[in-house]
Structures are given as structure tokens and as C-alpha cells.
Amino acid sequence: MSNSQGGDGDKTVYHHEGGNMPAHDHHDTDVLSEENVRGYWHANLRLLGILLVIWFVVSFGFGILFAEPLNSIQFFGFKLGFWWAQQGSIYVFIGLIAYYVFAMKRIDRRYGVDDD
């Protein structure tokens, strides 16, 4: 770092003086176009919409709306509607989170905004 006096007062100029320059890769030359940005957000919002619909059906639909018909089925000694509301929906939520991570990495790579 060096200080230089100019007509505008004190200015600090930073110089990189080490051998630890950041690595350069294919993303340095990529500039996201407006079309790519729109495509990225469209894909992102589409994924979120689909996962939220699944989440709604699993939690509200199976846990509340369809609980009575599901309760006529036994599952591990419990009524399926009860089991689904207490345990099954949690398993689905964990699966949705794992799928979201996987799908977002794929979308990031497709539109060139990944960290790799």
C-alpha cells in the first residue's frame, strides 16, 4: 500500500505485491448478458415454485386435508395420516432441501455463476 498526494487530497492506492494472486479461470472472461440473467432467475424461480408446491401438498395436503383417508391405512403400527403429519413430511422436507442444493448447483453451472 502506498499513499500519494494529489490535487484532490489524500488518496490511498493499493498495490498487490505478493505471489498470491487469485486464480483465473473461464469465468473471468464471462460477462452475463441480460438474457442469461433473466434465464437464470427464471430457472431459479421455477425450481422454487415447484418445490414450494410439493412442500404445500406434503404438509397441508397429506398432513391436514387427506389425513382422514390416510388414517385408514396402517403404517408401522400407526395410522398413515398421523405418521405422515409427524414423520413423513419431515423426510420429504429434508429431501427437498437436498434436491434444491443439487439443482441450484446445476443451474449455476448452466448459466456460468458457479463457484467452480
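This is a predicted model: local features need pLDDT of at least 70, side-chain atom pairs count only at pLDDT 80 or more; totals for chains, interfaces and linings use all residues.
1. What is the nearest side chain of opposite charge to Asp108, and how far away is it? That would be Arg109, 8.0 Å away. Asp108 is buried yet makes no salt bridge; for reference, a salt bridge here needs a Lys or Arg side-chain nitrogen within 4 Å of a carboxyl oxygen of Asp or Glu.

2. So which residues does Asp108 touch, if you skip its neighbours within four places in sequence? Asp108 is in contact with Tyr40, Val113 and Asp114.

3. Elsewhere in helix α3 there is Gly88. Is Gly88 buried or exposed? It has a relative accessible area of 2%, and because buried means under 20%, Gly88 is buried. Its C-alpha atom is 8.5 Å from that of Val58, a residue 30 places apart from Gly88 along the chain.

4. Now for a nonpolar patch on the surface: Val53, Phe56, Val57, Phe60, Ile64, Leu65 and Phe66 make it up, and together they have about 660 Å² of accessible area. One of them, Val53, is in helix α1, residues 34-65. Val53 has a relative accessible area of 51%, so it is classed as exposed.

Note on methods: Residues are numbered from 1 along each chain as its sequence is written. Side-chain values use heavy atoms; hydrogens and water are left out. Helices (H or I, at least four residues) and strands (E, at least two) are DSSP runs, numbered from the N terminus. Buried means under 20% relative accessible area, exposed over 50%, partly exposed in between (1.4 Å probe, protein chains only). Lys and Arg count as positive and Asp and Glu as negative; His and the chain ends are not counted. Contact means heavy atoms within 4.5 Å. Patches are made of residues with over 30% relative accessible area and no salt bridge: like charges are joined within 9 Å, nonpolar side chains (Val, Leu, Ile, Met, Phe, Trp, Tyr) within 5 Å. Accessible areas come from the Shrake-Rupley method with a 1.4 Å probe; for residues, only the protein chains shown count as cover.
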